[in-house]
Structure formats: C-alpha cells, structure tokens
Amino acid sequence: MAIRGPSAKGLDCVSGARVRIPLSPLRNTSSKTACRRYRQAVFLSVNTVQTVAGYTVDKTHRVGGNVRHYPIIASVTKEEQFVQVLQSDVERVNLMIGHIGNIEEYISQLHDAGKQVYAHIEMITGLGRDAHSISYLCDKFKADGIVTTKSGAITAARQVGIKSIQRIFAIDTAAINTAVKMINSTKPDEVELMPGLMPRVTRELKAMIEQPLIVGGLIRHEHELIEAIESGADYISSGDPMIWRHAEVPLKVEVN
C-alpha cells in the first residue's frame, strides 16, 4: 500500500480492517527517523491511512508478531517444497518443477490456495518456447504467466497476450547492457535480476528500465531483504522456505 499526502494527522481508525505499516525508502530520506516508530506496531484496525509524517511512502512492509513482512515471490525448485509453498502466505509462485504430465495438477493446487503461478519454461520438462506452446501452457494448464531467460519466449508470450518475466544474470557490465537492450526490445511485463545481493546494480538497473524489478538469488537474511527493497526492488524471489515466512499477508478489508 502506497501512502501519499501533505501532512501527518495520524490514522482514522475503525474496527475490522488491517493495513501494512509503512517503511523506507521514502521520497524524503530525512523521514526515516520519523517512520521508525511505526515499525513497532503489529496490526492496526484502520479504515484509511492518510500520511506518515508528511512524506510520501513508496515501499511498505507489515509487522505481524515478531516477523516483518516483505513482497516475496516463492521460487519452487524442489518437489519437497510444494506442500510448504501451499501453506505459506506468498501470493505469487515461480514454478520451476514438474513436467508436462503433472504441471496442470501443480498449478491447480496453487490456484486453489489463492496463488498466482508463473511457469519457468526452461525448468519444466516438455514445454516448448514458441508462441503455440506458451499459449497452450496458459490455456490448458492455466498458468498466469511465464518466467524465461530467452528473449524469443518473451516475444512469443507478447504475441499471445501472456504475462512474462525476463530473468537476467548480472555477470558483468556487458551482460547488463545487453540485457537492457533486450528488455527495451522485447518488453517483458517484469524483470528478474540474478543474483539479488547487488544493491548498486539493482539501483542502476531500476533506473534503466520501466518494468517492475524482481531480485533473487543468494538472499538468506532479513537485512538483505531490506537492502534489496531500499535499493529499488519491487519484489524479492527466493527458493528458501525460511524467507517465505516474511511474505506479506494478503490485506483483508471488511466494509460495513
């Protein structure tokens, strides 16, 4: 939840609704101290949140009990993780297991658990990369989109109106520059930067693209989640179930 407004007048509270507690990065960096006190809150029963100390808050997380929450995407890379992701609070899953014979069941169960599913087409056995294969993946198996490292697959997804995530690897400056040119040409819906432990590269890439930015790979600790978000990442992808515990709980608002 982004919070915008010119002045700080507190919170308008009613029972039944819960919202995320705002956190940096802020448009005005001097407001970090002003927002620090909000981190101590757990969940507030509120109807609307007007502003935080007069500053616009762009990135948020919530605090529930002793666990802070962040925009996490679960990357399921092992079959034994499947039950864990079904039981988790993550709302988005990058599916990287299975084959053409069982992917429909995986996706169906994830949808029943209220999760969006993006299939990594190079990691699932039997899937092609052409427009017909990608269209079949979404029409027959009901995937919400694809993850791929191949620019041709991004183009094919666009041709059939399917959402796509372009995964790129930052091995050196030349690789980043080539990736940016590819992104500008193929226009994926989102970009995933690997590995995720590169704050400067995250900031620079975020400034060069218009798509939402996911970072993932090698992130193991909460301070790394915070650093990624403050460097400009919109989401963090992780194959570590311990990181999934930090996923944002879906916002529930009851209107009387």
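Analyst: The structure holds 5 salt bridges. A salt bridge here is a side-chain nitrogen of Lys or Arg within 4 Å of a carboxyl oxygen of Asp or Glu. Side chains of opposite charge can pair when their charged atoms come close.

This is a predicted model, in which local features need pLDDT of at least 70 and side-chain atom pairs count only at pLDDT 80 or more, while totals for chains, interfaces and linings use all residues. Residues are numbered from 1 along each chain as its sequence is written, and side-chain values use heavy atoms, with hydrogens and water left out.

Take Arg68 and Glu222. Their side chains meet in a salt bridge at 3.7 Å, N to O. Arg68 lies in strand β4 (residues 67-68) and Glu222 in helix α8 (residues 222-230), so this pair ties together parts that are 154 residues apart in sequence. Helices (H or I, at least four residues) and strands (E, at least two) are DSSP runs, numbered from the N terminus. Arg68 is partly exposed, with a relative accessible area of 30%. Glu222 is also partly exposed, at 26%. The cut-offs are these: buried is under 20% relative accessible area, exposed is over 50%, and partly exposed is in between (1.4 Å probe, protein chains only).

Next come Glu192 and Arg167. Their salt bridge has an N to O distance of 3.0 Å. Glu192 lies in strand β10 and Arg167 in strand β9 (residues 163-169), so the pair ties together parts 25 residues apart in sequence. Both Glu192 and Arg167 are buried.

Then there is Asp234 with Lys206. The closest N and O atoms of this salt bridge are 2.5 Å apart. Asp234 lies in the loop between α8 and β12, and Lys206 in helix α7 (residues 199-208), so the pair ties together parts that are 28 residues apart in sequence. Asp234 is partly exposed, with a relative accessible area of 21%. Lys206 is partly exposed too, at 28% relative accessibility.

Now the surroundings. Strand β10 (190-194) and strand β12 (235-238) are the elements that give two or more residues to the lining of the second largest pocket. About 210 Å³ of space lies in this pocket. Of the 15 lining residues, the closest to its centre are Gly217, Leu218, Arg220, Ser238 and Gly239. A pocket is an open set of points on a 1 Å grid over the protein atoms alone, where a 1.4 Å probe fits, with protein on both sides within 12 Å along at least five of seven lines; lining residues have an atom within 4 Å of a point. Grid points are joined across faces, edges and corners, and the volume is the space filled by probe spheres set on the points.

The protein chain has 9 helices and 12 strands. Of its 256 residues, 47% count as buried.

Last, confidence. The protein chain averages a pLDDT of 79, and 71% of the residues score at least 70. pLDDT is the predictor's confidence in each residue, from 0 to 100. It stays under 50 over residues 1-64. Residues 252-256 also have pLDDT under 50. Where pLDDT is low, the predicted coordinates should not be read in detail.

Definitions and conventions
Contact means heavy atoms within 4.5 Å.
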